[in-house]
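Grab a pencil and work through the exercises below. Try each task on your own before you read its solution.

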Amino acid sequence: MTVHAGEGTILKVDVSATLTAVAQVISIDGPDSSVPEVETTHLGSSAKAYRPGEIPEAGSLDFSIYFDPSDTGHQELQTLAKTPSTVSWQVTFSDGSTLDWEGFLTSFSLSGMEDESNLTADCSVRITGQITFTEVV
């Protein structure tokens, strides 16, 4: 089993039909996929019983960036916050493996506008449909 460093992970978003790296990414959290629990307990049960749901939830992905208003990718994030649309996203891990999905930006929050601080943006992407994992062989 190999342990992979977080450094070198790249987040990409579709900009004009081209997957483009988002610059100055500080952190990425997610996706936070889950499977719903469906209760199957009945009046004769001696304990609560459950089965897995049939429709998995792909969840969302959250990320933070050092925001640069003049960066084309950062401008695209602002556009997606103002005029929502579902676009392609990708995370490329340091070994070249990828996660690909379609999603839309649900939040874009600027902060760091204070003395001795960096301008940052916290963003969240809602994943629609399935996530495709492609392993580097």
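You're looking at a predicted model, so local features need pLDDT of at least 70 and side-chain atom pairs count only at pLDDT 80 or more, while totals for chains, interfaces and linings use all residues. Residues are numbered from 1 along each chain as its sequence is written, and side-chain values use heavy atoms, with hydrogens and water left out.

**Exercise 1. The core**

Task: Find out which residues have the most contacts inside the largest nonpolar core, and which elements give two or more residues to this core.

Solution: 
- Start with the term: a nonpolar core is a set of buried Ala, Val, Leu, Ile, Met, Phe, Trp, Tyr and Cys residues joined through side-chain atoms within 4.5 Å. Buried means under 20% relative accessible area, exposed means over 50%, and partly exposed is in between (1.4 Å probe, protein chains only).
- Next, the residues: the largest nonpolar core has 22 of them, and L11, F63, L77, W89 and W101 have the most contacts inside it.
- Then the elements: β1, β6, α1, β7, β8 and β9 each give two or more residues to this core. Helices (H or I, at least four residues) and strands (E, at least two) are DSSP runs, numbered from the N terminus.
- Now zoom in on L11: leaving out residues up to four places away in sequence, its contacts (heavy atoms within 4.5 Å) include V25, L61, F63, W89 and W101.
- For background, nonpolar side chains tend to be buried together in soluble globular proteins.

**Exercise 2. Aromatic pairs**

Task: Work out how many aromatic pairs the structure holds, and describe the geometry of the pair F63 and W89.

Solution: 
- The rule first: rings of Phe, Tyr and Trp (its six-membered ring) pair if their centres lie within 6.5 Å; planes under 30 degrees apart count as stacked, over 60 as edge-to-face and the rest as tilted.
- The structure holds 2 aromatic pairs.
- In one of them, the ring centres of F63 and W89 are 6.2 Å apart and the planes sit at 55°, so this pair is tilted. F63 is in strand β6 and W89 in strand β7 (residues 87-92), so to speak distant parts of the chain, 26 residues apart. Both F63 and W89 are buried.
- For F67 and F108, the centres are 5.7 Å apart and the planes are at 75°, so you call this pair edge-to-face. F67 lies in the loop between β6 and α1 (72-82), and F108 in strand β8 (residues 98-111), so the pair ties together parts 41 residues apart in sequence.
- F67 counts as buried because its relative accessibility is 8%.

**Exercise 3. Salt bridges**

Task: Which residue does E39 meet in a salt bridge, and which one does R126 meet?

Solution: 
- A salt bridge is a side-chain nitrogen of Lys or Arg within 4 Å of a carboxyl oxygen of Asp or Glu. The structure holds 3 of them.
- E39 meets K48 (3.1 Å, N to O). E39 is partly exposed at 41%, and K48 is exposed at 59%.
- R51 bridges to E54, with the closest N and O atoms 3.9 Å apart.
- R126 meets E57 (2.6 Å, N to O). This pair links distant parts of the chain: R126 is in strand β9 and E57 in the loop between β5 (50-52) and β6, 69 residues apart.

**Exercise 4. A closer look at S64**

Task: Is S64 buried or exposed, and which side chain does its own side chain make a polar contact with?

Solution: 
- Locate S64: strand β6 (residues 60-66).
- Its relative accessibility is 16%, so S64 counts as buried.
- The side chain of S64 makes a polar contact with the side chain of D122 (2.5 Å). A polar contact is a pair of N or O atoms within 3.5 Å; within protein, one must be able to donate a hydrogen and the other to accept it, and residues adjacent in sequence count only if both atoms are side-chain atoms.
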